[in-house]
Amino acid sequence: MKPEFFRVLGSPLFALALLALATLPLWLPSYYLNIAILTLIYVALALAWNIVGGIAGQISLAHSLFVGAGAMVASALLMKFGLNMWLGALLAALISAALAACIAWLDFRFRLGHLSFALITMAFAEMGELIVLGWDFLGGASGIYLPKDTGQLSQFQFGGSSGSFWVMLTLATICLIVNLAVLNSPLGYFLRAIRDNEHAAQAIGVALLRNKVLAMVISAVLSSLIGTAYARYISFVDPYLLASPVLTIEIVLFATIGGLGTVFGPVIGAGLLVPLGEILRGQLGGTLPGLHYFIYGVVLIVVILGTPRGLAPLLGRWTRQLIARAPRTG
């Protein structure tokens with residue numbers, strides 16, 4: 001593991017940022033706290049997707065399949081058989097891992113190009129949504145209502161918005177640490193080699209199948225666990241939200257705007273765009289139908305045109321320039 005991994009995690013700034021975020025439920029109004037929770041959910045999902053889509057360069061559009069599996073399977077097992085949702089989350093994560101391994105194997109077996117891989121994974125996501133909508137065990141089109149959250153952590157209950165915030169902050173932090181660990185480990189080097197030139201990576205001995213499967217499985221398991229927590233937070237498992245391919249498009253958008261393949265890119269992308277979208281919808285949604293979507297779209301276009309590589313590289317360059325210009329003492 002590179003020293004950078006320990007340097008980031010051991011940084012006082014990192015610890016202070018986490019501590020400051022952890023205090024939000026103590027003073028933030030309920031409306032904005034719920035936006036903060038939603039933001040953390042998408043930060044975690046974007047970070048999970050970044051492992052396969054950013055670091056490995058495999059543009060997977062199947063992640064709604066994993067999020068939906070985490071939400072639907074765990075919730076169905078709870079409501080149909082009374083299975084503790086912690087166990088349900090584990091089983092859903094194992095199912096997601098198996099699905100991810102199959103998708104990665106197909107990519108390796110048929111040597112799919114980037115566009116073909118994206119289309120294949122989109123097809124998997126579409127099939128997953130159709131299965132959920134047509135299978136009564138998973139709630140069908142009506143979804144699944146979960147029992148009231150009474151705060152029993154042993155039953156996978158978080159105790160309202162405050163507890164949900166801390167759980168989502170924990171998940172987002174775990175996803176960030178996993179990204180750092182992958183990026184600064186041999187796996188990260190192998191994945192970036194595959195991303196930059198797959199044939200050259202194979203020629204120097206990089207195991208394509210093993211590393212692609214590892215990246216996809218890690219990403220899928222994290223996404224599945226986040227999906228289970230998301231379902232518990234909203235207490236209603238909506239297939240049109242949690243199993244829709246549109247969810248993946250949003251995740252990809254946040255990671256791309258922030259900066260693909262960087263650790264803090266997905267954090268920046270989701271951290272800025274989710275609150276912006278929610279606040280625009282809340283303030284302008286009733287003023288003129290579609291106005292908030294128009295403004296949101298204009299902001300996205302301006303950001304993409306101004307920072308094609310994402311916001312994280314731009315902010316990093318500005319930070320280095322400020323440090324270089326700062327007067328030195330002694």
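# Salt bridges, spaces and a few residues

Author: Arginine 281 counts as partly exposed, at 45% relative accessibility. Keep in mind that this is a predicted model.

Reader: Fine. Which residue does arginine 281 meet in a salt bridge?

Author: Glutamate 278. The N to O distance between the two side chains is 2.5 Å.

Reader: And where do arginine 281 and glutamate 278 lie?

Author: Both are in helix α14, three residues apart, which is about one turn of the helix.

Reader: How many salt bridges does the structure hold?

Author: Four. Some of them share partners, and these join Asp107, Glu198 and Lys212 into one network.

Reader: Take glutamate 198 and lysine 212. What is the N to O distance there?

Author: It is 3.0 Å for that salt bridge. Glutamate 198 sits in helix α10 (residues 198-203) and lysine 212 in helix α11, so the pair ties together parts that are 14 residues apart in sequence.

Reader: Is lysine 212 buried or exposed?

Author: Buried, because its relative accessibility is 5% and the cut-off for buried is under 20%. Glutamate 198 also counts as buried, at 18%.

Reader: What about arginine 195, which residue is its salt bridge partner?

Author: Aspartate 196. The closest N and O atoms of that pair are 3.3 Å apart. Arginine 195 is partly exposed, with a relative accessible area of 29%, and aspartate 196 is exposed, at 59%.

Reader: Why would such side chains pair at all?

Author: Opposite charges can pair when the charged atoms come close.

Reader: Changing topic. How many cavities of 30 Å³ or more does a search of the whole structure find?

Author: One. The volume of the largest cavity is about 40 Å³.

Reader: Which residues line the largest cavity?

Author: The lining is made of Val52, Gln58, Ala104, Asp107, Phe117, Lys212 and Met216.

Reader: Now some single residues. Where is serine 223?

Author: Serine 223 lies in helix α11, which covers residues 208-234. It counts as buried, at 1% relative accessibility.

Reader: What is serine 223 in contact with, leaving aside neighbours within four places in sequence?

Author: Leu45, Ala48, His63, Phe66 and Val67.

Reader: And alanine 74, buried or exposed?

Author: Buried, at 0% relative accessibility. Alanine 74 is found in helix α5 (residues 63-81). Beyond neighbours within four places in sequence, alanine 74 touches Ala69, Met85, Gly88, Ala89, Ala92 and Thr228.

Reader: How far is alanine 74 from asparagine 84?

Author: Their C-alpha atoms are separated by 8.5 Å, and the two are ten residues apart along the chain.

Reader: Which residues does glutamine 155 contact, leaving aside neighbours within four places in sequence?

Author: Asn84, Met85 and Trp86. Met85 is also among the contacts of alanine 74.

Reader: Where is glutamine 155 found?

Author: In the loop between β1 (144-145) and α8 (160-183). Glutamine 155 is partly exposed, its relative accessible area being 34%.

Reader: Last one. Which residues make the nonpolar surface patch of about 380 Å²?

Author: Leu87, Leu90, Leu91 and Leu94. Of these, leucine 90 has its place in helix α6 (residues 85-109).

Note on methods. Residues are numbered from 1 along each chain as its sequence is written. This is a predicted model: local features need pLDDT of at least 70, side-chain atom pairs count only at pLDDT 80 or more; totals for chains, interfaces and linings use all residues. Side-chain values use heavy atoms; hydrogens and water are left out. Helices (H or I, at least four residues) and strands (E, at least two) are DSSP runs, numbered from the N terminus. Buried means under 20% relative accessible area, exposed over 50%, partly exposed in between (1.4 Å probe, protein chains only). Contact means heavy atoms within 4.5 Å. Patches are made of residues with over 30% relative accessible area and no salt bridge: like charges are joined within 9 Å, nonpolar side chains (Val, Leu, Ile, Met, Phe, Trp, Tyr) within 5 Å. Accessible areas come from the Shrake-Rupley method with a 1.4 Å probe; for residues, only the protein chains shown count as cover. On a 1 Å grid over the protein atoms alone, a cavity is a set of points where a 1.4 Å probe fits but cannot get out, and a pocket is an open set with protein on both sides within 12 Å along at least five of seven lines; lining residues have an atom within 4 Å of a point. Grid points are joined across faces, edges and corners, and a volume is the space filled by probe spheres set on the points.
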